[in-house]
Amino acid sequence: IHSHAVVGGEPQDRKYRGANTSLVIGRGNWIREHATIHTGTEVAGGVTTIGDDCILMANAHVAHDCVLGDNIIMANNASLAGHVTVGDWAILSGYSLIHQFCNVGEHSFTSFASHVNQSIPPYVTVAGEKAKAKGVNTEGLKRRGYTPEQIQQVRRAYKLLYRSGLPLEEAKLQLAEMAEGHDEIKPWVDFLETTVKSFIR
């Protein structure tokens, strides 16, 4: 934990009434200068959680009731509003802003200064002031040991969801069929079944 970081500060939420809420941080994390991480609120279970081996660069902000997985990178000035969930290996580039209650899927990537007000599916790269899907985070998958065949399957899933023109319910059925023989597709299926907020499509 570097200088001037605020770790375990009270939530910036008017619903907070001074209860003994908490922040749970795993092992091997790197919290740089002026990063801020707040505890949870009473109405949402009271816990903000950060997994293992994450990097929060200077001025990164993790608001109340967020849940971060493992191996996440938040670059300088990346910010999470309250109640955001971030999956393993996600990368949030500098000045990325994630709206409250969004779900950021595992292995996803936000480009510089992305403004995200909808959830991001796993593996997807988004960019823009109003973030839009730009493709699959293939470079990240290569670095994490995904085989060319696995990456090709992820690309197939992306095309099915984003370029086929299928209604969402039909696309979900086809993705579920793909996942039966390809474990790398299961995060897509789980995301579509569990995300509450609308997602970037």
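These exercises, each with a worked solution, walk you through a predicted model.

Residues are numbered from 1 along each chain as its sequence is written. Because the model is predicted, local features need pLDDT of at least 70 and side-chain atom pairs count only at pLDDT 80 or more, while totals for chains, interfaces and linings use all residues; side-chain values use heavy atoms, with hydrogens and water left out.

**Exercise 1. Find the strand order of the open sheet of 5 strands, and name its edge strands.**

Strands (E, at least two residues) and helices (H or I, at least four) are DSSP runs, numbered from the N terminus. Two strands pair if DSSP finds at least two bridges between them.

Step 1: Read across the sheet. The order is E2-E5-E8-E11-E14, and the pairing is parallel.

Step 2: Look for strands that pair on one side only. These are the edge strands, E2 (22-25) and E14 (103-104).

Step 3: Check the pairs. E2 and E5 run parallel and are joined by 4 bridges, with Val24 partnered by Thr49 of E5. Next, E5 pairs with strand E8 (residues 67-68) over 2 bridges, again in the parallel sense; here Thr49 stands opposite Val67. At the other end, strand E11 (residues 85-86) and E14 are parallel over 2 bridges, and Thr85 has Asn103 as its bridge partner.

**Exercise 2. Work out which side chains of strand E5 are buried.**

Step 1: Buried means under 20% relative accessible area, exposed over 50%, and partly exposed in between (1.4 Å probe, protein chains only).

Step 2: Follow the side chains along E5 (residues 47-50), which alternate. Thr48 and Ile50 point to one face and are buried.

**Exercise 3. Describe the surroundings of His83.**

Step 1: His83 is in the loop between strand E10 (79-80) and E11.

Step 2: Classify it. His83 has a relative accessible area of 16%, so it is buried.

Step 3: List its contacts, where contact means heavy atoms within 4.5 Å. Leaving aside neighbours within four places in sequence, His83 touches Thr41, Ala44, His64, Asp65, Cys66, Phe101 and Cys102.

Step 4: Take one of these partners. Ala44 is 39 residues from His83 along the chain, yet their C-alpha atoms are separated by 8.1 Å.

**Exercise 4. Count the salt bridges and examine three of them.**

Step 1: Apply the rule. A salt bridge is a side-chain nitrogen of Lys or Arg within 4 Å of a carboxyl oxygen of Asp or Glu. The count comes to 5.

Step 2: Recall the background. Side chains of opposite charge can pair when their charged atoms come close.

Step 3: Go through the examples.

- Arg32 and Glu33 meet at 2.8 Å, N to O. Arg32 is partly exposed at 22% relative accessibility, and Glu33 is partly exposed at 23%.
- Glu139 and Arg143 meet at 3.8 Å, N to O. Both lie in helix H1 (residues 138-143), 4 residues apart, about one turn of the helix. Glu139 is partly exposed at 43%, whereas Arg143 is exposed at 69%.
- Lys186 and Asp183 meet at 3.1 Å, N to O. Lys186 is partly exposed at 40%, and Asp183 is exposed at 53%.
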